[in-house]
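Trainee: I have a model open and would like to go through its side chains with you, one topic at a time. Could we start with the aromatic residues?

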Amino acid sequence: MMDTVSISAELRAHRERLVLDHFADEIKQDFDAVLATFPHPHYEIIPNGDVYDGNDGVRAYYTQSRKAFPDQRSEIIKLRHTEDAVIVEFWLLGTHRGVLRGLPPTGSSFRCRMIALFLFDGETLICERIYFDSMTMMRQLLAGLPAPAQLQALSGMLGKAEAQSAATA
């Protein structure tokens, strides 16, 4: 049986406001404001195993992802609260306008359902951990491309971002 631990209404409200501001600032691409929500920014992108740590690392992630999807945005579906996290279910949307892990821009749009765990130590945000089905996104981005281009894209998605960046440099 699982123990249920409740957090105070004040702490819950603080965390929710921080997460909502974080999402809003990402959509506005105000990355200084987003980074300010962490004392030490840390992102984990679970489907591809990428970890971005510290201001420079997370800022590099924002730069990379917004070059690939300059109109990237999200639509929150539901927030859930736990003892040490805010869980956000959301749609991520964007149009592929720049290189993504070695895949040249396709011009295709995507809409992918995701989960983000915003992990806290008390009031302090310590990590954003993102889960999604990368094939959901890739099917949409690759629609209409010839089979060899689809294979190249899938190979790129299975590799580490650093290896793909080096291969295209």
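Trainee: Which residues form one aromatic cluster here?

Mentor: Keep in mind as we go that this is a predicted model. The cluster is made up of Phe-31, Phe-38, Tyr-43, Tyr-52, Tyr-61 and Tyr-62.

Trainee: And how many aromatic pairs does the count come to?

Mentor: The count comes to nine aromatic pairs. One of them joins Phe-23 and Phe-90, whose ring centres are 5.2 Å apart and whose planes stand at 80°, so this pair is edge-to-face.

Trainee: Why does that pair tie together separate parts of the sequence?

Mentor: Because Phe-23 belongs to helix 1 while Phe-90 belongs to strand 4, the pair ties together parts that are 67 residues apart in sequence.

Trainee: What about Phe-69 and Phe-110, how are they arranged?

Mentor: Phe-69 and Phe-110 are also an edge-to-face aromatic pair, with 5.0 Å from centre to centre and 70° between the planes. This pair links distant parts of the chain, since Phe-69 sits in the loop between helix 3 and strand 3 (73-81) and Phe-110 sits in strand 5, 41 residues apart. Phe-69 and Phe-110 are both buried.

Trainee: Switching to the core, which residues have the most contacts inside the largest one?

Mentor: The largest nonpolar core has 35 residues, and those with the most contacts inside it are Val-19, Tyr-43, Tyr-62, Val-88, Met-114, Phe-118 and Ile-130. Among the elements that give two or more residues to this core are helix 1 (9-28), helix 3 (54-68), strand 4 (85-95) and strand 6 (124-132).

Trainee: Which element gives the most?

Mentor: Strand 5 gives the most to this core, with six residues.

Trainee: OK, new topic: where is Thr-37, and is it buried or exposed?

Mentor: Thr-37 is found in the loop between helix 2 (31-35) and strand 1 (42-45). Its relative accessible area is 12%, so Thr-37 counts as buried. The side chain of Thr-37 reaches the backbone oxygen of Val-34 at 2.6 Å, and, leaving aside neighbours within four places in sequence, Thr-37 is in contact with Leu-18, His-22 and Leu-125.

Trainee: Now for charges, how many salt bridges are there?

Mentor: The count comes to nine salt bridges. In one of them the side chains of Asp-21 and Arg-17 meet at 3.0 Å, N to O. Because Asp-21 and Arg-17 are four residues apart in helix 1, about one helical turn separates them.

Trainee: What does Arg-59 meet?

Mentor: The side chain of Arg-59 meets that of Asp-32 in a salt bridge of 2.7 Å, N to O. Arg-59 lies in helix 3 and Asp-32 in helix 2, so this pair ties together parts that are 27 residues apart in sequence.

Trainee: And Arg-111, what does its side chain meet in a salt bridge?

Mentor: Arg-111 meets Glu-75 in a salt bridge of 3.2 Å, N to O, and this pair links strand 5 with strand 3 across 36 residues. Arg-111 also lies over the face of Trp-91, at 4.0 Å from the ring centre. With a relative accessible area of 35%, Arg-111 is partly exposed.

Key: Residues numbered from 1 in each chain as written. Heavy atoms only, no water. Buried < 20%, exposed > 50% of the residue type's maximum accessible area, 1.4 Å probe, protein only. Polar contact = N/O pair within 3.5 Å; in protein donor to acceptor, adjacent residues only side chain to side chain. Contact = heavy atoms within 4.5 Å. Core = buried A, V, L, I, M, F, W, Y, C linked by side-chain atoms within 4.5 Å. Phe/Tyr/Trp six-rings, centres within 6.5 Å; stacked < 30°, edge-to-face > 60°. Lys NZ or Arg CZ within 6 Å of the ring centre and 35° of its normal. Salt bridge = Lys/Arg side-chain N within 4 Å of Asp/Glu carboxyl O.
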